[in-house]
Amino acid sequence: MSPAGTTPHLSPTSSTVTLHINGDKHTLPVDHRTTLLDALRERLDLTGTKKGCDQGQCGACTVLVDGRRTVSCLQFAVAAEGREITTVEGVAQDGRLHPVQEAFVELDGYQCGYCTPGQICSALAVLEEHAAGWPSAVTDDVRPEAGPPALTPEEIRERMSGNLCRCGAYVSIVRAVARAAENTKTGAVGAEDAKEAQV
């Protein structure tokens with residue numbers, strides 16, 4: 001341990017990095033082999049991001065890096081320096097849940113809740129990717145001029161397929177993503193309220 005007021009000695013396999021997480025900057029020394037997931041959980045106490053398989057297969061550790069979903073167990077912390085990282089702790093704004101979070105609560109898009117942070121981060125990216133017109137493996141017309149495909153249950157299932165739910169809450173998760181997409185379009189008005197407003 002370094003004496004107070006001195007810089008800790010860094011080994012050739014360590015660096016001091018600055019991570020931009022949920023709008024805050026965190027500077028810390030890390031071993032080059034430290035994953036972003038371990039830096040978040042073990043070094044910064046941001047435990048919303050869960051460690052599941054630790055092999056990039058279950059999606060429990062999904063976070064957003066520069067707006068793109070990333071399985072943080074396969075991302076080195078040093079490679080995330082200077083990039084904008086959003087974890088589930090940074091999704092709600094000013095004490096108000098994001099429409100995706102509201103939809104998960106309203107439609108029981110979780111059971112034990114372990115996969116929920118990764119599901120929510122992934123759903124946020126799904127909505128952005130869909131709005132930008134990105135096709136998926138099940139999109140019929142992938143021409144750019146065709147615009148975004150309808151966000152059908154099949155599209156949602158395909159786009160969320162990297163996130164596993166051990167409890168099997170998939171039906172509710174698909175409904176929650178569809179509700180969030182509708183709420184986002186209508187300024188966070190519930191889907192049923194939006195339909196009534198159109199009548």
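What percentage of the contacts in the protein between residues at least 6 apart in sequence join residues at least 24 apart? The share is 51%, where contact means heavy atoms within 4.5 Å. This is a predicted model, in which local features need pLDDT of at least 70 and side-chain atom pairs count only at pLDDT 80 or more, while totals for chains, interfaces and linings use all residues. Residues are numbered from 1 along each chain as its sequence is written, and side-chain values use heavy atoms, with hydrogens and water left out.

**Overall make-up**

- The protein has six helices and five strands, and from the N terminus on these elements follow the order β-β-α-β-β-β-α-α-α-α-α.
- Helices (H or I, at least four residues) and strands (E, at least two) are DSSP runs, numbered from the N terminus.
- Of the 199 residues in the protein, 42% are buried; buried means under 20% relative accessible area, exposed means over 50%, and partly exposed lies in between, with a 1.4 Å probe and protein chains only.

**The sheet**

- Five strands make up an open sheet with mixed pairing, in the order β2-β1-β5-β3-β4, and two strands count as paired if DSSP finds at least two bridges between them.
- Because β2 (24–31) and β4 (68–71) stand at the edges with a single partner strand each, one side of each is left without a neighbour in the sheet.
- From one strand to the next the twist averages 40 degrees, with axes taken as lines fitted to C-alpha atoms, for helices over the stretch in contact, and angles running from 0 to 180 degrees between N-to-C directions.
- Strand β1 (residues 14–21) and strand β5 (residues 84–86) run parallel and are joined by two bridges, and Ile21 stands opposite Ile85 in β5.
- The pairing of β1 with β2 is antiparallel and extends over eight bridges, with Leu19 opposite His26 in β2.
- β1 and β2 form a hairpin with two residues between them, and Asn22 in the turn has a positive phi of about 50 degrees.

**Helices and their packing**

- In helix α1 (residues 36–43), the buried residues are Leu36, Leu37, Ala39 and Leu40, and the buried residues of α1 pack against β1, β3 and β5.
- Asp45, which follows α1, has a positive phi, near 60 degrees.
- Helix α2 (residues 99–106) is mostly covered, with six of its eight residues buried, namely Pro99, Val100, Gln101, Glu102, Ala103 and Phe104.
- The buried residues of α2 pack against α3 and α5 (170–185), and just after α2 comes Asp108, which takes a positive phi of about 55 degrees.
- In the loop between α2 and α3 lies Gly113, which is partly exposed, with a relative accessible area of 23%.
- Gly113 and Arg166 are 53 residues apart in sequence, and their C-alpha atoms are 9.8 Å apart in space.

**Pocket and cavity**

- On a 1 Å grid over the protein atoms alone, a cavity is a set of points where a 1.4 Å probe fits but cannot get out, whereas a pocket is an open set with protein on both sides within 12 Å along at least five of seven lines, and lining residues have an atom within 4 Å of a point.
- The largest pocket has a volume of about 210 Å³, a volume being the space filled by probe spheres set on grid points that are joined across faces, edges and corners.
- Residues that line the largest pocket include Leu127, Glu128, His130, Pro148, Leu151 and Lys185.
- α3 and α5 each supply at least two residues of the lining of the largest pocket, and α5 gives the largest share, five residues.
- By class, the lining of the largest pocket has six nonpolar, two polar and three charged residues, where Ala, Val, Leu, Ile, Met, Phe, Trp, Tyr, Cys and Pro count as nonpolar, Asp, Glu, Lys and Arg as charged, and the others, Gly among them, as polar.
- One cavity of 30 Å³ or more is found in a search of the whole structure, and the largest cavity holds about 30 Å³ of space.
- The largest cavity is lined by Gly133, Pro135, Thr139, Asp141, Val142, Arg143, Gly147 and Pro149, which by class are three nonpolar, three polar and two charged residues.
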